[in-house]
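Me: Could you walk me through this chain? I'm new to reading structures.
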Amino acid sequence: MSDEMLTPRPVRDSESEMTELVLPNDANPLGALLGGRLMHWIDLAGALAVHRHARSYAVTASVDHIDFLVPVRVGDMVVLKSSVNRVFQTSAEVGVKVFVENYLADTVQHVASAHLTFVAVDAKGNRLKVPAVIPETEEQKRRYDDAGRRREMRRTEVERRRKAKQ
Ligand SMILES: CC(C)(COP(=O)(O)OP(=O)(O)OC[C@H]1O[C@@H](n2cnc3c(N)ncnc32)[C@H](O)[C@@H]1OP(=O)(O)O)[C@@H](O)C(=O)NCCC(=O)NCCS
């Protein structure tokens, strides 16, 4: 990969937004959005941010714990905002924050937040180094620091599982 491709980029370059209108096929028989459909959208929204930042293909390596805070109904608009929190070597943590907008009631509520780790790969699936990310705002700096702590927790958990298998 060329040096130019590895030039550090600000978090804002990765910021992405995806909007979905919830249709009956996205919902259970009671008209509430399926958790699995929301997880699919979260994965896609995360991929948008990592593609913009890394300018490469990427695969999802892991998704951290997700809580669904409020129900989402057919007819609601779901807005997913994503950006790169921190880059390691070949992987990057992306944060996705999900909101539900009810345009009739004119309300916006926080539905869920998720942290995903993507690994950058080339067309043959070989891992690629990811350019560093530059946090600029206080919030971006907090997310950057938190992402470092989360990475340590993930590594501890992977290690614990590996030992449990032996
Ligand atoms: C993700 C994947 C590329 C990691 O491969 P691996 O050989 O286990 O990789 P390594 O242990 O050498 O780690 C490579 C990077 O992935 C990260 N990684 C690996 N497993 C991870 C996990 N469970 N969570 C977060 N990061 C992980 C490592 O920390 C490392 O990051 P770094 O280079 O920034 O330090 C591989 O497991 C894979 O291809 N998985 C399938 C991905 C996929 O198909 N996703 C779609 C959903 S099915």
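Reply: Helices (H or I, at least four residues) and strands (E, at least two) are DSSP runs, numbered from the N terminus. With that, the elements of the chain run β-β-α-β-β-β-β-β-α from the N terminus on. This is a predicted model, where local features need pLDDT of at least 70, side-chain atom pairs count only at pLDDT 80 or more, and totals for chains, interfaces and linings use all residues. Residues are numbered from 1 along each chain as its sequence is written.

Me: ok, and how many residues of strand β4 are buried?
Reply: Eight of the 11 residues in β4 (residues 77-87) are buried, and a residue counts as buried if 20 or more other C-beta atoms, placed from the backbone, lie within 10 Å of its own.

Me: Which way do β2 and β4 run?
Reply: Strand β2 (residues 16-21) and β4 run antiparallel and are joined by six bridges, where two strands pair if DSSP finds at least two bridges between them. Threonine 19 stands opposite valine 79 in β4.

Me: And how many bridges join β4 to β5?
Reply: There are 10 bridges between β4 and strand β5 (residues 91-102), which also run antiparallel, and the two form a hairpin with three residues between them. In this pairing, serine 82 stands opposite valine 96 in β5.

Me: Switching to helix α1, which residues are buried there?
Reply: The buried residues in α1 include Leu38, Ile42, Val50 and His53. Just after α1, arginine 55 takes a positive phi of about 55 degrees.

Technical notes: A residue is buried if 20 or more other C-beta atoms lie within 10 Å of its own, exposed if 12 or fewer, and partly exposed in between; C-beta atoms are placed from the backbone.
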